[in-house]
Amino acid sequence: PLYRGLLLWYSGQRDRAMEVWEQMCRDFPEEWCVWLQMGDAMARACQWEKAKEYYRRGLELQKPPRFVDGLECIAQICEITGDLSGAIQALEEELQVLAEDWDTTTGETADVVRREISRLHREVGGTVLYVTHDQAEALGMADRIVVMSQGEIQQIGTPKEIFAHPANAFVAQFVGQSNLIRGKWEGDQF
């Protein structure tokens with residue numbers, strides 16, 4: 001039914017293609033890939049809200065490890081329709097799925113998603129608050145960082161300032177400088 005629907009769609013029989021795909025959803029309601037295909041069909045028809053619904057349903061039906069294609073599509077639809085905060089939210093959810101299901105917080109895929117989030121933040125303008133426990137995300141995405149511990153601000157600065165001049169041991173460990181030696185200076189001796 002999937003390919004029959006595609007053939008009908010591309011031969012100009014779009015209403016018939018939609019009937020085939022909708023029947024496929026009724027016949028296979030628990031198959032997540034069917035819902036992603038329906039999302040694609042709705043996107044081709046510029047039915048943005050329905051497309052997002054289908055992509056979201058496909059994601060809900062997947063068992064871990066989930067694929068993030070639907071979230072990428074939702075982000076693109078949100079951007080096309082001018083909903084930049086919705087696009088950012090979908091990309092942030094994509095990062096969460098990558099971390100939870102694929103144990104991937106670094107690497108090319110995560111970096112591409114972070115760059116997209118940063119680009120959208122710049123387009124939104126103004127101040128954007130992004131909360132993360134991931135040092136790479138904080139250092140790679142932020143113009144300014146607030147490092148907190150147990151609700152207390154430890155340091156505020158640019159990523160470069162915080163990395164080069166951590167205010168205390170907690171901040172140093174957060175940015176990855178974990179070779180700390182306890183001691184004190186007496187005169188010119190350590």
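Buried means under 20% relative accessible area, exposed means over 50%, and partly exposed is in between, with a 1.4 Å probe and protein chains only. Keep that scale in mind as we go.

This is a predicted model, in which local features need pLDDT of at least 70, side-chain atom pairs count only at pLDDT 80 or more, and totals for chains, interfaces and linings use all residues. Residues are numbered from 1 along each chain as its sequence is written, and side-chain values use heavy atoms, with hydrogens and water left out.

**Stop 1**

Select I156, which sits in strand β2 (helices, H or I with at least four residues, and strands, E with at least two, are DSSP runs numbered from the N terminus). I156 has 45% relative accessibility, so it counts as partly exposed.

**Stop 2: the largest pocket**

Stay with β1, which gives the most to the lining of the largest pocket, with four residues. α7 (108-124), α8 (135-141) and α10 (169-174) also each supply at least two residues of that lining. Select L129, Y130, A142, R144 and I145, which lie nearest the pocket's centre among 24 lining residues. The volume is about 870 Å³, meaning the space filled by probe spheres set on grid points that are joined across faces, edges and corners. A pocket here is an open set of points on a 1 Å grid over the protein atoms alone, with protein on both sides within 12 Å along at least five of seven lines; lining residues have an atom within 4 Å of a point.

**Stop 3: salt bridges**

Side chains of opposite charge can pair when their charged atoms come close. The count comes to 10 salt bridges, each a side-chain nitrogen of Lys or Arg within 4 Å of a carboxyl oxygen of Asp or Glu.

- Select K52 and E49, whose side chains meet at 3.2 Å, N to O. Both lie in helix α4 (residues 48-61), three residues apart, about one turn of the helix. K52 counts as buried at 16% relative accessibility.
- Next, select E93 and R56, a salt bridge at 2.9 Å, N to O. E93 lies in helix α6 (residues 84-102) and R56 in helix α4, so the pair ties together parts 37 residues apart in sequence. E93 is partly exposed at 23%, and R56 is partly exposed at 28%.
- Then select D101 and R66, with their closest N and O atoms 2.6 Å apart. D101 lies in helix α6 and R66 in the loop between α4 and α5 (69-80), so parts 35 residues apart in sequence are tied together. D101 and R66 are both buried.

**Stop 4: two cysteines**

The structure holds zero disulfides. C73 is partly exposed, with a relative accessible area of 22%, whereas C78 is buried at 3%.

Conventions. Disulfide = S-S within 2.5 Å. 1 Å grid on protein atoms, 1.4 Å probe; cavity = no way out; pocket = protein on both sides within 12 Å on 5 of 7 lines; lining within 4 Å.
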